[in-house]
Amino acid sequence: MKMATVLATKGPGVFTTTAAAPLTDAVRRLAANNIGALIVLDSHGLPEGILSERDVVRALAAGNAFAGTVGDLMTSPITVGGPNDDVESVLRTMTARHFRHLPIVEDGRLAGMVTIADLVHAQLNEALGAVHTLETQLMGS
Amino acid sequence: MAASRPPAHPLRVAIVGAGPAAFFAAESLLRQETVPVEVDMFDRLPTPYGLVRHGVAPDHQRIKAVTRSFAQVAEHPHFRFFGNVEFGRDITLDDLRTHFHQVLFATGAQTDRRMGIPGEDLRGSHPATAFVAWYNGHPDFRDHVFDLSQEHVVVVGVGNVALDVARILCLSPAELRATDIPAYAVDALSNSRVREVHLLGRRGPAQAAFTNPELKELGGLADADVVLRPDEADLDPLSAAALQQSGDRALARRVELLRDYACRPPTGKPRRLVFRFLVAPVELLDDGFGAVAGVRVVRNRLVQADTGTLSAEPTGDFETIEAGLVFRSVGYRGVPLPGVPFHDRWGVILNRVGRVLDQSTDDPIPGEYVSGWIKRGPSGVVGTNKPDSVETVAAMFEDAALGLTFQPAEPARDAIPTLLCRRNVEYFTFDDWLRLDALECAAGAAAGCPRVKFTSVSDMRAALQSSEAQSAAG
């Protein structure tokens with residue numbers, strides 16, 4: 001299955017920020033939108049990092065205040081995918097390397113973002129679909 | 001749009017399309033007992049079932065068994081089918097807004113993806129989708145002509161559709177006659193001079209999209225040997241490592257099946273079905289008269305991206321494969337619908353979990369939904385549309401409960417037949433289809449095959465009129 005299949009039903013909207021943005025604003029946006037991450041875009045509008053709830057928890061554990069910018073806390077660089085990526089390969093990579101968010105770039109522009117939950121959901125539906133098709137063939141109805 | 005009171009019952013839903021996604025959605029809508037729903041299904045063809053009728057190969061009858069459950073859905077008293085009604089021409093989005101609370105677009109992917117290489121439009125170069133529709137008796141394709149006097153054929157792609165095309169080209173006349181393939185196609189294929197069919201895969205055997213049953217059945221063809229170079233059957237180190245890591249047994253079996261084919265010596269059958277991996281077409285060559293003479297391909301190697309995907313990278317090695325007939329089988333593609341936002345690059349109606357999105361605001365458009373291939377792109381098998389449609393219908397019920405629907409001025413049930421009659425649209429009902437189905441199966445029983453399909457709308461109309469006259473007389 002290609003990433004494009006997952007993207008098609010996700011919609012192109014991505015919550016983004018920049019490295020210069022104040023951390024307090026970023027954290028407020030995570031809470032207000034009930035999301036796990038903001039993609040950090042560079043001056044060309046391309047992903048250069050990610051600010052996720054994990055980064056926030058790390059800062060809290062270290063006793064750091066949120067006085068600085070997104071750039072102070074974000075994880076960078078970030079793995080970026082494309083519409084032609086194989087979902088199976090990407091899932092294995094995300095699991096092995098412990099990251100949950102993958103921004104998708106197409107034609108030099110941010111085209112969307114998928115989470116590990118999106119990929120698992122898509123694979124599950126594909127498996128359910130295959131079972132249904134095989135059952136129909138075996139049972140004749 | 002401000003939420004208002006839920007619409008007065010029943011919930012009137014229009015479904016555009018009548019393939020698996022449409023029927024799975026109708027089933028989800030009608031098989032619950034909480035909300036009364038009325039479903040009107042529209043299709044531009046007089047016959048329902050979409051690609052199950054016109055896409056699934058004629059020798060794969062068991063896959064078509066899913067239509068029995070669709071016929072059961074159609075028996076529901078609140079289900080109606082209007083065949084031979086084209087969205088955009090006979091009924092518009094404005095009509096649907098006037099007469100329904102919600103519309104679900106399940107129009108699939110009606111056209112093909114192009115390769116984007118020079119020579120693609122030479123005579124003798126065709127989309128596989130057209131060939132599939134032709135040998136399945138689709139009324140819009142029955143008059144297509146394919147030059148089956150050519151000995152060498154190239155099929156670009158290694159998905160199940162590519163395998164279907166190659167297999168149909170290699171079936172013996174006896175094997176063909178046992179299927180529901182129309183007589184005109186049996187004649188053309190029985191007289192074909194095709195000797196060699198090359199299937200080209202851009203990546204390696206482990207990345208090919210075909211599935212094991214389809215691969216295995218090629219070994220049983222009466223008239224064709226499957227040929228594969230041993231070096232092209234072997235996995236490169238990256239694919240071998242990925243296979244081992246994944247523990248994917250179906251993939252391991254696929255690789256083993258291909259290795260078996262590579263080791264099998266040819267038995268001298270009249271045709272050869274040749275798999276080529278790690279090659280991509282760069283140009284279709286002109287014979288000097290505007291027809292295809294061959295395919296220039298580049299050999300690929302696999303490289304691993306940061307995401308883990310193994311993708312194809314061209315080497316500097318080229319090769320020419322002689323062929324006078326080329327089928328591109330690199331995917332189906334959706335077609336835009338009038339008045340509905342369409343993502344041209346991806347060939348889908350942009351949506352979030354089945355709710356159609358306004359492309360400028362990224363917000364859902366109340367009352368508009370998608371399921372199936374027009375929603376997620378042309379991937380998966382028949383059954384994959386079931387969880388897809390269930391998901392969309394859940395969103396439809398959520399929104400209906402909040403009153404986020406069209407506000408139809410004339411939701412009465414008889415408004416649609418009245419409108420169609422006023423516009424002189426000669427629609428076919430589901431009962432009409434059941435009669436045509438019975439006639440096709442009866443003709444098939446007489447001929448020793450599953451059915452003899454009607455392949456034109458006028459033939460269907462004539463058959464219905466004649467059978468009506470017979471019933472009236474008898």
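Which residues of α6(B) are buried? Select Val161(B), Ala162(B), Leu163(B), Asp164(B), Val165(B), Ala166(B), Arg167(B), Ile168(B), Leu169(B) and Cys170(B): those are the buried ones in α6(B). Buried here means that 20 or more other C-beta atoms lie within 10 Å of a residue's own, with exposed at 12 or fewer and partly exposed in between, and C-beta atoms placed from the backbone. Helices (H or I, at least four residues) and strands (E, at least two) are DSSP runs, numbered from the N terminus.

Before you go on, some housekeeping: this is a predicted model, where local features need pLDDT of at least 70, side-chain atom pairs count only at pLDDT 80 or more, and totals for chains, interfaces and linings use all residues. Residues are numbered from 1 along each chain as its sequence is written, while chains are lettered from A and ligands numbered from 1 in the order in which they are written.

Next, pick β7 of chain B, residues 152–156, where five of five residues are buried.

Over to chain A, for an open sheet of three strands in the order β1-β2-β3 with mixed pairing. Its edge strands are β1 (16–18) and β3 (47–52), each pairing on one side only. β1(A) runs parallel to β2(A), residues 37–41, over three bridges, and Thr16(A) sits opposite Ile39(A). β2(A) and β3(A) pair in the antiparallel sense over five bridges, with Leu41(A) bridged to Pro47(A). Five residues lie between the strands of that hairpin, and Gly45(A) takes a positive phi near 80°. Five of the six residues of β3(A) are buried, so the rest of the structure largely encloses this strand.

Last stop: the contact between the chains, with 36 residues from chain B and 30 residues from chain A (contact means C-beta atoms, placed from the backbone, within 7 Å). On the chain B side, select α14(B), which gives the most, with four residues.

Key: Two strands pair if DSSP finds at least two bridges between them. Two residues are in contact if their C-beta atoms, placed from the backbone, lie within 7 Å.
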